[in-house]
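Student: I have a structure to read. Please take me through its features one at a time.

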Amino acid sequence: MVKRVAWSCFAVLALWAPAAAQEKPFSASVGGAIVGPLSESADRFSTGFGFTAGAVWHITDQFGLAGDYVWSTLGAQGDWPTPPLAQPVEVTPRVQFGTVSVRFQGPPGRARLYVLAGLGLYHRSVALAAGGTGDVSVCDPWWFLCNAGPVPAGSITGTRTSTDPGVNVGAGVRAGRFFAEIRFHFAWGPSFDTPEGAKSANGKFLPLTVGVVF
């Protein structure tokens, strides 16, 4: 879904773009974000929506440094990571991150393609609200929860978070005052001892952002 929307945005910007103006030393941007989880994250969470804000220091006409912030909700794929657990639980995941990236853009034109890569700090949270009674066993690193044995269902209710470093790489297109960008993000996560062995709750995401440049 995210990839299809990205290609559509790039094509529209390329067709509607006015002639490019001289690049200013600094530019800022705001927009919306569609965040698609990948790999193990996609097994637990589904596509979410949020917003983005950023700025670029244009050191030269084609080279610059970009900083941005993204906040997004995510959907939940199911009540529990594995059967046969049957206690109802509401899962509310969110992700937010800030990145600093090196950015290189093509020569002036009606639409300017660019690529970028950099480092980031990623804050993920998973709020669990359990219903029912009785004891349950829950172990899912991507929920930031792994109990050694059965615990009362109500004890898993709460919000668990993790803030971790990560990297990102992607590409975008700017046309006049509009932009569309897609990037791959990888965040290192905490490690948990599970029945299958140690697992790290690494996060992988593919956000598409579309917005306006000032």
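Tutor: Start with pairing: two strands pair if DSSP finds at least two bridges between them. Strands (E, at least two residues) and helices (H or I, at least four) are DSSP runs, numbered from the N terminus. Here, E4 and E6 pair in the antiparallel sense over 11 bridges. Within that pair, Leu65 stands opposite Val102 in E6.

Student: What kind of model is this, and how are residues numbered?

Tutor: This is a predicted model, in which local features need pLDDT of at least 70 and side-chain atom pairs count only at pLDDT 80 or more, while totals for chains, interfaces and linings use all residues. Residues are numbered from 1 along each chain as its sequence is written, and side-chain values use heavy atoms, with hydrogens and water left out.

Student: Which strands run in the closed barrel?

Tutor: The general idea is that strands of a sheet pair through backbone hydrogen bonds, either parallel or antiparallel. In this model, 8 strands make a closed barrel in the order E1-E3-E4-E6-E7-E12-E13-E16, with antiparallel pairing. From one strand to the next, the twist averages 25°.

Student: Which residues form the nonpolar patch on the surface?

Tutor: A patch takes residues with over 30% relative accessible area and no salt bridge; nonpolar side chains (Val, Leu, Ile, Met, Phe, Trp, Tyr) are joined within 5 Å, like charges within 9 Å. A salt bridge is a side-chain nitrogen of Lys or Arg within 4 Å of a carboxyl oxygen of Asp or Glu. Areas come from the Shrake-Rupley method with a 1.4 Å probe; for residues, only the protein chains shown count as cover. The members are Phe26, Trp57, Ile59, Phe63, Leu65, Val102, Phe104 and Val115, with about 730 Å² of accessible area together. Strand E4 (63-73) and strand E6 (89-105) each give two or more residues.

Student: Where is Phe104 found?

Tutor: Phe104 is in strand E6. Phe104 counts as partly exposed because its relative accessibility is 45%. The scale is buried under 20%, exposed over 50%, partly exposed in between (1.4 Å probe, protein chains only).

Student: How many disulfides does the structure hold?

Tutor: A disulfide is a covalent bond between the sulfur atoms of two cysteines. The cut-off is sulfur atoms within 2.5 Å. The structure holds 1. Cys139 and Cys146 form it, with sulfur atoms 1.8 Å apart. Their S-S torsion is about -75°, so the disulfide is left-handed.

Technical notes: Axes fitted to C-alpha atoms, helices over the stretch in contact; angles between N-to-C directions.
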